[in-house]
Structures are given as C-alpha cells and as structure tokens.
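Here are my notes on the model you sent over, as numbered points. Have the structure open while you read.

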Amino acid sequence: MAPRRTPLYDTHVRYGGKLVDFAGWELPVQYEGVIAEHKAVREAAGLFDVSHMGEIVFEGEGALGACNELITNDLNHIADGQAIYAGLLNERGGFVDDVICYRFSPTKILICANASNAEKDFAWMKAHAKKGPDLRDESESWAQLAIQGPKAVGILQKLAKTELSAIAFFHFAEGELDGKPVILARTGYTGEDGFEIFCRPDDAAPLWEAIVAAGKPDGLVPCGLGARDSLRLEAKLALYGNDIDDETTPLEAGLGWIVKLDKPSFIGKAALEKQKAEGVKRKLVGFTLVERGIPRHGYPVLADGEPVGVVTSGTMSPTLGQPIGLAYVPTDLASVGSTFAVEIRGKPVAAQVVKTPFYKRK
Amino acid sequence: MADLSYPDNLRYTKDHEWARKDGDDLVIGITAFAQSQLGDVVYVDLPDVGKALRAGDDFGVVESTKAVSELLSPVSGEVTGRNDPLVDTPEAVNEDPYGKGWMIKVKPSDPGAFDALMDAAAYAAFVAEQG
C-alpha cells in the first residue's frame, strides 16, 4: 500500500525534507539534520507537521461519561478548555493507545490518537463505548502543526489575536491564526513549551508558511520525525509501539499518574487493581550507558549475563551528549543508581538507571 | 553537509564504502552518499589494528541519531591503522567523508583488489539507480 500524504507533502518536498514511510505516512525524517533541528527546538523553536495524528470525537449527551469509561484518566477532574493525557486500555490493562483528550464541554470531547493506531482506536471505541453520543473519526478533516521551543509562544503570538499567555499548559482555545480557524492547544511532545495547532487541511500549507516567516528571525526551523523522536525521548515521553503497547500497562510504564483508580469504572481497571495489589514486576526506567555505545529498541537487558529485560528506546542525546535509553527491567533493578548491562551486537555494555526525564526545561 | 561528490582518485563499493591508495595500504571510509543517507553520525566503532578482514566482512559500525549501519570491508587484508579521533568527532564523517572522516587503513592481501572496485563514474551511476 502506498504511504499516505499529509496536506503538507508538497511543502516538505519544497523545503528539502528527507521523506520516509512512518506508520504508513510519507513524512520528513529531517530537513537540514536531526541534531541541528533538535537543538533549535531546545534553544529557539521548531515547526513540525503532525497531521498524521488521528482525531476522534465524542459529541452529544453523555459524551464525557462515555469517553471516561474508555480512558484511565478522569475528564471530571478538568474544566472545559482543558486537556488530559490518558491511556486507552484493553481488558488486560495493556495500552490500545495513549491519547490526549480535549474537553470542549461535557457534550464534546476530542481525542488525539497516534497515527498508527487511529483506525484501531476508532474501531475499539465503536465496539466498547456506551451508546448514545455520536462517535466520529474526524482524522481526514484535520491537519496538525506543532510549534515547540522557548520562542514558540512569542512567534505564534505574532499571528494570533487570542492572548496566548492566557492559555495554560494542557489548556486550549478555539481561535484564529493568521485569519484561519484553529484550535490552539498548549501541548506537545518535545519537553518544551509550545502549541499544537489543529487546522483545516487546506489551511495547513499557508499556516506553515506564515509560521516559518514569523519565526525565522527568532531561529525557528522546520523539524522532522528524527528530532521529534530524540526530543520526546529526552523528555521521557512514551512512544507507542516502542515503550508502550498492548502488553504493557501504565503502572509498568511509570504512568501511574494517568490512572485514576478512584473512578467507578473504566476498561482495564480490574487488571490494574490486581497488578497494583500484587506489585509491579517490571518497570520502564531511564538509563545511560557507562561505556561506549548507543542503546536501541529491542536490545536485550542483561543481569549477571542473563536476559532480564529489553530496551524500548535509545539514542545519543543531542542535549546531554550521552547515550540514553528506556528499558523494561525487573523491579529490583529499577531504582536510580541500579546497574545492568545492555547487549549491543553481542557484547554487554554497562548501564546505570538515572533520574528521568533526562532533560527538563528550566 | 558535504556535497555529494565522488572523487576520481577513489574506488567504491555497492555498500557505499570508498578506498584510496596510500602506498601499499588502502584508506577506507564511507561515501558522501552514505553519510547523507545516514544523517548526523554520532557514533563510530572501528576494529583493532592487526585484525584480519575478508572482503564483505563487517569491520565496524557507524550510527546516526536514528540508525545503525554496518561497515563492510571493500577488500580482504589486515587492518594497519584506524582513525581514533573519530571516537570524539564522529561528525567528521558527515563534514569531510573523504578526508577527516576516513575510518581504517588496510593492507590488502591482493594488490589488484583496488582496481577491481568501481570507479567514480560507475559508482555515481549506481547511486543514481538507487534513486
């Protein structure tokens, strides 16, 4: 099957993006280079095309309650105009997906899903959601841009009448950007301040150009998936399919904070309660290598020469200049300072558990 | 990033390594095309001097932020030198793939091995075919 293209495909080609197939989408892995783009986001600003993300909407009487039954977090704990990060779990407590839920009102919730999972999620929700509210896959109706970095808000303000400083982290507002109707959400996947902008597909290319023009004097650069991955890893933001999947639970992944076991019910609750009572046997930890090497997804974790876990993500951190990674390890190896080995091309390389996130903005 | 040029004095392989004559030895590295495909090189692992290699054997790895790529020896022979500064400056592979980004020196067991590799024109045509 030919990969799908976002409304920004021609723009990526024109900007010299190196296109790759990612989750069935033809997207730029980089423009100038991953490290330069990564550093631009940490020091100034970067612009990403995230139009491949899925958008699923619950609308109508009972929308909030129906959505709440499917997710680990609690939409009753936030106000209209606020968003929460949550797990969409199967009965075993494993992730169907990790999502952000935007609460417009108790009768309208927008769920932003991973591109690779959007169709699966929609089918899952259709099959498991309480009947009543309308449930729609609106993925085709939305494009998404992410502008991230310490200068992102200032750059975006040049194009917005809405007072952006009034939109707090994980809040959002409907408004206009350069005259186009958008949803401005103060969310992101880089560990930096910034916005994710939902817009109409036809408006994506002109908005991209407007943001690049507004941001150039401040050092904004277009960024690809490569920088997105290294940025999110430094911030210890999970990547579905790497760090979490249908066999891993939020408790194992260190995402207990998105699980509200005091809710009356949600899919996966019983499994998580059982796991919590019995104790989590493996945990996702952040580590650095003490010796030379770069950890990668799938490399075995060794303790006393025996495989006891697996690396889920890894890279050479552009910000720290150190090899960093995430791995599932037995709970007794999960505390900061614990040591184990990562098997790289047949050789054990010493690693140590460190505090995460690896990078935290000041 | 370096231009995608293929100097005439070098010979090339389909695995995107280059070789240059240096007395009886061959200096070996990866091509401008290879580094451009890899992206920012952040790690290089090279063999010890004295190691025996066969043509096509992997002699080390080069890693970018995203990918791991094996280095395959263009010829059979013995490693006679390696570019140790690359450990601390792997970006030289991107910036100067035919100069400071060289990787190892090999004394080929067959002195004719160099001439059997692709010349610049053949390699450029091969790369063009790869699209």
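1. Does Lys236(A) count as buried or exposed? Keep in mind that this is a predicted model. Lys236(A) counts as buried, because it has 21 C-beta neighbours inside 10 Å and the cut-off for buried is 20 or more. You'll find Lys236(A) in the loop between H7 and helix H8 (269-278) of chain A. Its backbone deserves a look too: phi of Lys236(A) is near 50°, a positive value in a residue other than glycine.

2. Ala23(A) is not a glycine either, yet has a positive phi of about 50°. Most residues other than glycine have a negative phi. Look for Ala23(A) in the loop between strand S2 (18-22) and S3 of chain A.

3. The peptide bond from Thr356(A) to Pro357(A) is cis, with omega near 0°. As a rule, most peptide bonds are trans.

4. Next, a hairpin. Strand S11 (residues 172-177) and strand S12 (residues 180-185) of chain A run antiparallel and are joined by 6 bridges. To get your bearings, find Ala173(A), which stands opposite Leu184(A) in S12(A). The hairpin of S11(A) and S12(A) has 2 residues between the strands, and Asp178(A) takes a positive phi near 50° in this hairpin.

5. An α-helix has 3.6 residues a turn, so residues three or four places apart point the same way.

6. Now the interface. On the chain A side 11 residues are in contact with 8 residues of chain B. Strand S3 (25-30), helix H2 (34-43), helix H7 (225-234) and strand S17 (306-316) of chain A each supply at least two residues of the side that touches chain B. By class, that side of chain A has 5 nonpolar, 5 polar and 1 charged residues.

7. Last, chain B as a whole. Chain B has 4 helices and 9 strands, and along the sequence they follow the pattern β-β-β-α-β-β-β-β-β-α-β-α-α. The C-alpha trace of chain B spans about 35 × 35 × 20 Å along its principal axes. For 131 residues, a compact globule would have a radius of gyration near 14 Å, and the 13 Å of chain B agrees with this. Of the 131 residues of chain B, 41% count as buried. Among the contacts in chain B with a separation of 6 or more, 65% come from residues 24 or more positions apart.

Notes: Residues are numbered from 1 along each chain as its sequence is written. Chains are lettered from A and ligands numbered from 1 in the order in which they are written. This is a predicted model: local features need pLDDT of at least 70, side-chain atom pairs count only at pLDDT 80 or more; totals for chains, interfaces and linings use all residues. Two residues are in contact if their C-beta atoms, placed from the backbone, lie within 7 Å. Ala, Val, Leu, Ile, Met, Phe, Trp, Tyr, Cys and Pro count as nonpolar, Asp, Glu, Lys and Arg as charged, and the others, Gly among them, as polar. Two strands pair if DSSP finds at least two bridges between them. A residue is buried if 20 or more other C-beta atoms lie within 10 Å of its own, exposed if 12 or fewer, and partly exposed in between; C-beta atoms are placed from the backbone. The radius of gyration is taken over C-alpha atoms; the globule rule is 2.2 Å times the number of residues to the power 0.38.
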